[in-house]
Amino acid sequence: MKKYITLAILSIALASCGGDSNEKSVEALLESGSVEELQAKQEALKADVAATNDQLAQIEKVLEKKNPREKKEVLITTMTVKDTLFNHFIEVQGNVETKQNVLIYPEYQGTLSRVVVKEGQRVQKGQTLARIDDGGLSSQVAQMESQLALAKTTFERQQRLWDQKIGSEIQYLQAKTQYESSQNMVSQIRSQLGKTTVTAPFSGVIDEVITDQGTVVAPGMALFRIVNLDNMYVAAEIPESYLPTVTAGKKVKVEFPVLGESVETTVRQTGNYIKPSNRSFAIEVDVPNKDGKVKPNLTARLSINDYTAESAILIPLNVINENAAGEQFVYTAFAKADEMVAQQKIITTGKSQGSNIEVLSGLEVGDKIIVEGARSVKDNQPVKILTY
């Protein structure tokens, strides 16, 4: 019995000494072991359930110092930074309008005796559209013109006599007054007679005949709608923050979703008033309409060039990260000794367009931005650039 007890004590002692020997061997290897010895010890500790994570971490750290190439390389792709022309656009919605879309009203009361145009007909400025019964005005004009002719003859004779010092001054003045009065009366009645003819105020298309022939009309009663489709524009409202950049002459792309067409044009006018309700100002954009497809009140989508940089640095939005301090940064790949490593660079960004954003500072032309793998690398980590 004593013999068995003695053997058990010896076994425990040996096991205890073995554990101390293991600890010492690890410490010794950390101080002076070769890379091969450290790797062998690392594999042995991984298989030993009694090994501690601290030992493995210490060996890993020493291995990295002794053989940096053993560090795991991250596979990446890169893009080379270039300077390029950058046009930024803002997008808003607007409506097609025309200042020459009006209702035509009569200036004279009477029966609409004749309508000489029809809907869809193109007319020229000053062209007759309709006539209103003058109620005998034309006869009055003829009578007044006869009286005017007599007054003129009387005045001219009296003037010749007065020039020869014949007759009295009062006779001369009466003849002159009668002549001038007849002229004014004829002008007035001719003006009234002219109002019985309805004419086009500008060139355009008769969009609607509102009042039929034979109807008794009066001032304030609409007769026609005339539209000029040659002078069209898109009206839109722009947030006040773009007031310094959206100015007359800026390039605009106008899309018409309904027509499936687009045109390139410019801003022709900007408003001088900020609306308090939505803090915006109005703009007008010219719209060419040679084929007449664009109609008033058609919906349009505007892309306005509010900012241009001749030599801008553009990078994809998805490669940008942000640190705890709220700073934006990207990773670049550069050669260090005989390997490629990642380097973190703090950047300042500007306007974005689509999937790209302008970098105002922090990058230079020629830098290699890490694209694929940008979320996996760390500062100073070895990387391997993939080529396709």
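**Salt bridges in a predicted model**

Good morning. The structure holds 11 salt bridges, a salt bridge being a side-chain nitrogen of Lys or Arg within 4 Å of a carboxyl oxygen of Asp or Glu. Side chains of opposite charge can pair when their charged atoms come close.

Please note that this is a predicted model, in which local features need pLDDT of at least 70 and side-chain atom pairs count only at pLDDT 80 or more, while totals for chains, interfaces and linings use all residues. Residues are numbered from 1 along each chain as its sequence is written, and side-chain values use heavy atoms, with hydrogens and water left out.

I begin with Glu145 and Arg190, whose closest N and O atoms are 2.7 Å apart in a salt bridge. Glu145 belongs to helix H4 (residues 137-163) and Arg190 to helix H5 (residues 169-194), 45 residues apart. Helices (H or I, at least four residues) and strands (E, at least two) are DSSP runs, numbered from the N terminus. Glu145 is partly exposed, at 32% relative accessible area; buried means under 20%, exposed over 50%, and partly exposed in between, with a 1.4 Å probe and protein chains only. Arg190 is partly exposed too, at 45%.

The next salt bridge joins Glu261 and Lys293, at 3.1 Å from N to O. Glu261 is in strand E14 (residues 261-270), whereas Lys293 is in the loop between strands E15 (280-287) and E16 (299-316).

Finally, Arg268 pairs with Asp286 at 3.0 Å. Shared partners join Lys99, Arg268, Glu284 and Asp286 into one network of salt bridges. Thank you.
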